[in-house]
Amino acid sequence: NDYYFRVCFLDSFQAKVLAKHAVNEKRMKAAVLTQIGDDYSIGLGKFFEEAYKKFGGEVVSSQNFPANNADFNALLQNIKNSGAQVVFAPSSITIAPVMLQQAKSLGLEAIFMGADTWDNADMVKAAGDASEGLVASTFFNDEDESVADFVSGFKAYSKTDSINVVTALGYDAYMTAYEAIKAAGSTKGEDIKEALKNVTYQGVTGEIKFDENGDVSKDSAVIKSVQNGKLTYLATVKVDDVK
């Protein structure tokens, strides 16, 4: 689709970021838990397994579950028995709290990892203390001083204490389109499309410029972890770190 541009990085990249982080933390045995029929979940699981093995880790359990599943006990017990030190479970923010709470009840001590959907304060709140220690890759670090004006401005505008990552991405998508309209000097679709190919914009989620497929060429991803009940910045991983 010649008119398709996106400001978020690819799932293949964030899966590599999480796999590399797990190995760097010396967690060399991983379990992967994905949802049947969910391309997002299955795709991320596949990318993670490939990257994790490449970085020297061992996948000791790879399982999936059907949509609308509410009982993960058997799957989680298998993971506990496998000796996994980390569980990569890309899933929705409605499924994750149930999974995390059941894992805690079973005494599963492995660290849970998820992708950008888990960068969500409501999910963390719903999971309660079962979310403590979980790790997620994301696009946006609201603790970075360079985005302080955006953070304070949006919080005042929306009367909220937190900013969801998709809010930051939405802002950058809007501003990138705005820059393209200015560069094109036109509001015609064809003109804006051509201008987007050459736009470079320094957004709150990083520098935005597009490759020949309309995918953003970002150079890094953010790792967050839940500490004391709050998603907290942990590290920034560069593209060169996961090659």
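How many strands form the open sheet, and in what order do they lie?

## The sheet

Seven strands make up an open sheet with mixed pairing, and their order is β2-β1-β3-β4-β5-β8-β9. Its edge strands are β2 and β9, each of which pairs on one side only, and neighbouring strands are turned against each other by 25° on average, with direction ignored. Here helices (H or I, at least four residues) and strands (E, at least two) are DSSP runs numbered from the N terminus, and two strands pair if DSSP finds at least two bridges between them.

This is a predicted model, in which local features need pLDDT of at least 70 and side-chain atom pairs count only at pLDDT 80 or more, while totals for chains, interfaces and linings use all residues. Residues are numbered from 1 along each chain as its sequence is written, and side-chain values use heavy atoms, with hydrogens and water left out.

## Strand β8 and its neighbours

Strand β8, residues 220–227, is mostly covered, since six of its eight residues are buried; buried means under 20% relative accessible area, exposed over 50%, and partly exposed in between (1.4 Å probe, protein chains only). Strand β5 (residues 135–138) pairs with β8 in the antiparallel sense over four bridges, and V222 in β8 is the bridge partner of T138.

Strand β9 (residues 230–238) also pairs with β8 in the antiparallel sense, over eight bridges. The bridge partner of V222 in β9 is T236, and that of V226 is L231. Two residues lie between the strands of this hairpin, where N228 takes a positive phi near 55°.

In helix α4 (residues 95–105), the buried residues are I95, A96, P97, M99, L100, Q102 and A103. These buried residues pack against β1 (29–35), β2 (58–65), α3 (73–82), β4 (111–114) and α5 (121–127). After α4 comes G107, with a positive phi near 75°.

## Positive phi in two loops

Most residues other than glycine have a negative phi. K26, although not a glycine, has a positive phi of about 65°; K26 sits in the loop between α1 and β1 and counts as exposed at 63% relative accessibility.

N68 is likewise not a glycine and has a positive phi of about 65°. The loop between β2 and α3 holds N68, which is exposed with a relative accessible area of 78%.

Definitions and conventions
Contact means heavy atoms within 4.5 Å. Axes are lines fitted to C-alpha atoms, for helices over the stretch in contact, and angles run from 0 to 180 degrees between N-to-C directions.
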